[in-house]
Amino acid sequence: MTERMIRVLFVDDEENNLKAFRSTFRREMDVLIANSGEEALRILERESVHVIISDQRMPVMSGSEFLHIARQRFPKAIRMLLTGFADLELRDGELWNQMTFCHADTVTDQPIEVSISDAATQAIL
């Protein structure tokens with residue numbers, strides 16, 4: 001990774017989403033992918049990242065559970081939860097106040113790459 005390139009870890013249990021994310025952003029960002037929270041934690045043990053993006057609905061460990069653990073172990077990384085569902089139970093927890101959320105472009109009107117770049121800038125500062 002060069003110093004100027006944003007390093008992003010994208011976590012999703014759907015292989016097609018992982019491939020799509022990597023192919024879409026591989027020129028602008030250093031993209032790491034994981035198909036579960038467990039795999040993502042193993043990657044984070046050996047790789048530093050600026051931004052972690054996780055799908056919410058995954059088997060074994062949800063995205064919010066994974067990001068809670070990631071926050072404790074890797075506090076410098078900015079965390080984003082990507083979901084197509086209105087997970088109302090998230091709004092009651094402490095997670096709601098500690099994360100940048102990206103919800104099918106309805107939370108923000110900016111493209112996801114702008115949100116990722118803004119998040120990486122926060123992580124670098």
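Reader: Is Phe 10 buried or exposed, and which is Phe 21?

Author: This is a predicted model. Buried means under 20% relative accessible area. Phe 10 and Phe 21 share one class, and that class is buried.

Reader: How are the rings of Phe 10 and Phe 21 arranged, stacked or tilted?

Author: A pair of aromatic rings is described by the distance of the centres and the angle of the planes. The structure holds 2 aromatic pairs. For Phe 10 and Phe 21 the centres are 4.2 Å apart and the planes stand at 5°, so this pair is stacked.

Reader: How many residues apart are Phe 10 and Phe 21, and in which elements do they lie?

Author: Phe 10 belongs to strand E1, residues 6–11, and Phe 21 to helix H1, residues 15–25. The pair links distant parts of the chain, with a separation of 11 residues.

Reader: What is the angle between the planes of Phe 21 and Phe 25?

Author: Phe 21 and Phe 25 form an aromatic pair with 4.7 Å from centre to centre. Planes under 30 degrees apart count as stacked and over 60 as edge-to-face, the rest being tilted. The pair of Phe 21 and Phe 25 is tilted, with an angle of 50°.

Reader: Where do Phe 21 and Phe 25 lie, and which residues form the aromatic cluster?

Author: Phe 21 and Phe 25 both lie in helix H1, 4 residues apart, which is about one turn of the helix. Both Phe 21 and Phe 25 are buried. The one aromatic cluster is formed by Phe 10, Phe 21 and Phe 25.

Reader: Within what arc do the buried residues of H1 fall?

Author: The buried residues of H1 are Leu 18, Phe 21 and Phe 25. Seen down the axis of H1, they line one face of the helix, because they fall within an arc of 70°.

Reader: Where is Ile 52 found, and what is its relative accessibility?

Author: Ile 52 is found in strand E3, which covers residues 51–55. Ile 52 counts as buried because its relative accessibility is 0%.

Reader: With which residues is Ile 52 in contact, leaving aside neighbours within four places in sequence?

Author: With neighbours within four places left aside, the contacts of Ile 52 include Leu 9 and Leu 44. Further along the chain, Ile 52 is in contact with Phe 66, Leu 67, Ala 70, Ala 77, Ile 78, Arg 79 and Met 80.

Reader: How far apart in space are Ile 52 and Ile 33?

Author: In sequence, Ile 52 and Ile 33 are 19 residues apart. From C-alpha to C-alpha, Ile 52 and Ile 33 are separated by 9.8 Å.

Reader: What are the relative accessibilities of Arg 7 and Glu 47?

Author: Arg 7 is buried, because its relative accessible area is 12%. Glu 47 counts as partly exposed because its relative accessibility is 27%.

Reader: How many residues apart in sequence are the parts tied together by Glu 45 and Arg 73?

Author: Glu 45 forms a salt bridge with Arg 73, the closest N and O atoms being 3.9 Å apart. Glu 45 lies in helix H2 and Arg 73 in helix H3 (residues 63–73), so the pair ties together parts separated in sequence by 28 residues.

How values were computed:
Residues numbered from 1 in each chain as written. Predicted model: local features only at pLDDT ≥ 70, side-chain atom pairs only at ≥ 80, totals over all residues. Heavy atoms only, no water. Phe/Tyr/Trp six-rings, centres within 6.5 Å; stacked < 30°, edge-to-face > 60°. Helix = DSSP H or I, 4+ residues; strand = E, 2+ residues; numbered from the N terminus. Buried < 20%, exposed > 50% of the residue type's maximum accessible area, 1.4 Å probe, protein only. Arc of directions from axis to C-beta. Contact = heavy atoms within 4.5 Å. Salt bridge = Lys/Arg side-chain N within 4 Å of Asp/Glu carboxyl O.
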